[in-house]
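Work through the exercises below with the sequence and the model side by side. Each task is followed by a solution in steps.

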Amino acid sequence: MNVPAVLPPTPADAAEDARRPARRPWLQALALLGVCVVAEAASGVLLGAATALGREPGASLMLLIGSFAAVAVVVLLAPWVVRRLTGEPTVLLSRPGALGELAAGLVMGTVLITMVFAVLALAGAYRVTDVGWSTGITVGLYTGLVAGFAEELLFRGVLFRLVEKRVGTLWSLAVSSLVFGLLHLANPDATLPGAVAIAAEAGILLAACYVLTRRLWFAIGVHAAWNFVQGGVFGSDVSGSGTGRGLLEGSFSGPVWLTGGDMGVEASVVAVLICLVAGAAVLAVARRRGLLLARAEAPGRRR
């Protein structure tokens, strides 16, 4: 397979933006953090309402509204905040070509997580025990959309992007991946090995997706599809959050290093290896396109 041919192109304005110094970076960081907090709060209120309601179809409706409330806050408020602070539009969530990048990300995320479950099934570590509607489907969609949009804005749109402008791509990749993984320790059933696995697989892959397009749409698609298909379809816990069954109810058996345990399959060595290969492939294409910044090239580095 020709890997570059199945990956989205890099918009010219986005590539140029990566080499420009960030204007008011600390204010940008604080303001966009605020956007993420608003998105999480708006969706969290409706998640609480769904939990209190506890019955269908009302619970699923609340979850759907909460999911799209978070999406709306990020997509509408983040560009406005950056434009107000810098006097310039941001390419992070610019619209031309957005649907193509988002679709490419959704396909990649779905394929990668399906490969993980296929390997686990072949190894006898995952078995489907039931199929049918479950609130876990809408919980999975909620987890996918809220994490996909809010976390990508925070970790790739703020942390990775602004650190990269100071120290270059590879150092920023290491810093943002480590922070991204360790913050998952706040989840109820999280483990340290699981957090390290997320740093290695998702932290690197999602940052690579951002580097390739220099916008968030591709990374959002990968993240959202990965979470939704993992929890909402295959019924695995997602990042130690205990989301339960989805369209499928699955039974896991085998050592924790293979199944991921309570952390979910993200902590499986299978997921780590598959995502590391995918992340390396995306980074290789980004390097071929000249999109990686060396430390000496970082536009915000003091000379």
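**Exercise 1. Check the length of helix α5 against its number of residues.**

Solution. Helix α5 covers residues 98-122, which is 25 residues. Helices (H or I, at least four residues) and strands (E, at least two) are DSSP runs, numbered from the N terminus. The expected span is 1.5 Å times one less than the number of residues, so α5 should span 36 Å. The end C-alpha atoms of α5 are 36 Å apart, which agrees. After α5 comes G124, whose phi is positive, near 80 degrees.

The model is predicted: local features need pLDDT of at least 70, side-chain atom pairs count only at pLDDT 80 or more, and totals for chains, interfaces and linings use all residues. Residues are numbered from 1 along each chain as its sequence is written, and side-chain values use heavy atoms, with hydrogens and water left out.

**Exercise 2. List buried residues of α5 and state what they pack against.**

Solution. Buried means under 20% relative accessible area, exposed over 50%, and partly exposed in between (1.4 Å probe, protein chains only). The buried residues of α5 are A98, E101, L102, G105, M108, G109, L112, I113, V116, F117 and L120. Taking contact as heavy atoms within 4.5 Å, these residues pack against β1 (126-131), α8 (192-213), α9 (217-233), β2 (248-252), α10 (256-259) and α11 (269-288).

**Exercise 3. Find the salt bridges and say where their partners lie.**

Solution. Side chains of opposite charge can pair when their charged atoms come close. A salt bridge is a side-chain nitrogen of Lys or Arg within 4 Å of a carboxyl oxygen of Asp or Glu. By this rule there are three.

- Step 1. E101 pairs with R215, with the closest N and O atoms 2.7 Å apart. E101 is in helix α5 and R215 in the loop between α8 and α9, so the bridge ties together parts 114 residues apart in sequence. Both E101 and R215 are buried.
- Step 2. R156 and E152 form a salt bridge at 2.6 Å, N to O. They are four residues apart in helix α6, about one helical turn. R156 and E152 are buried.
- Step 3. R214 and E164 also form a salt bridge, at 2.6 Å, N to O. R214 is in the loop between α8 and α9 and E164 in helix α6, so this pair ties together parts 50 residues apart in sequence. Both R214 and E164 are buried.

**Exercise 4. Which aromatic pairs link α6 to other helices?**

Solution. Rings of Phe, Tyr and Trp (its six-membered ring) pair if their centres lie within 6.5 Å; planes under 30 degrees apart count as stacked, over 60 as edge-to-face and the rest as tilted. The whole structure has eight aromatic pairs. One of them is F149 with W217, edge-to-face at 6.4 Å centre to centre and 80 degrees between the planes. F149 lies in helix α6 (residues 135-167) and W217 in helix α9, 68 residues apart. Both residues of this pair, F149 and W217, are buried. F160 and Y210 are also edge-to-face, at 5.7 Å centre to centre and 75 degrees between the planes. F160 lies in helix α6 and Y210 in helix α8, so the pair ties together parts 50 residues apart in sequence. F160 and Y210 are buried. One aromatic cluster is formed by F117, Y126, F234 and F252.
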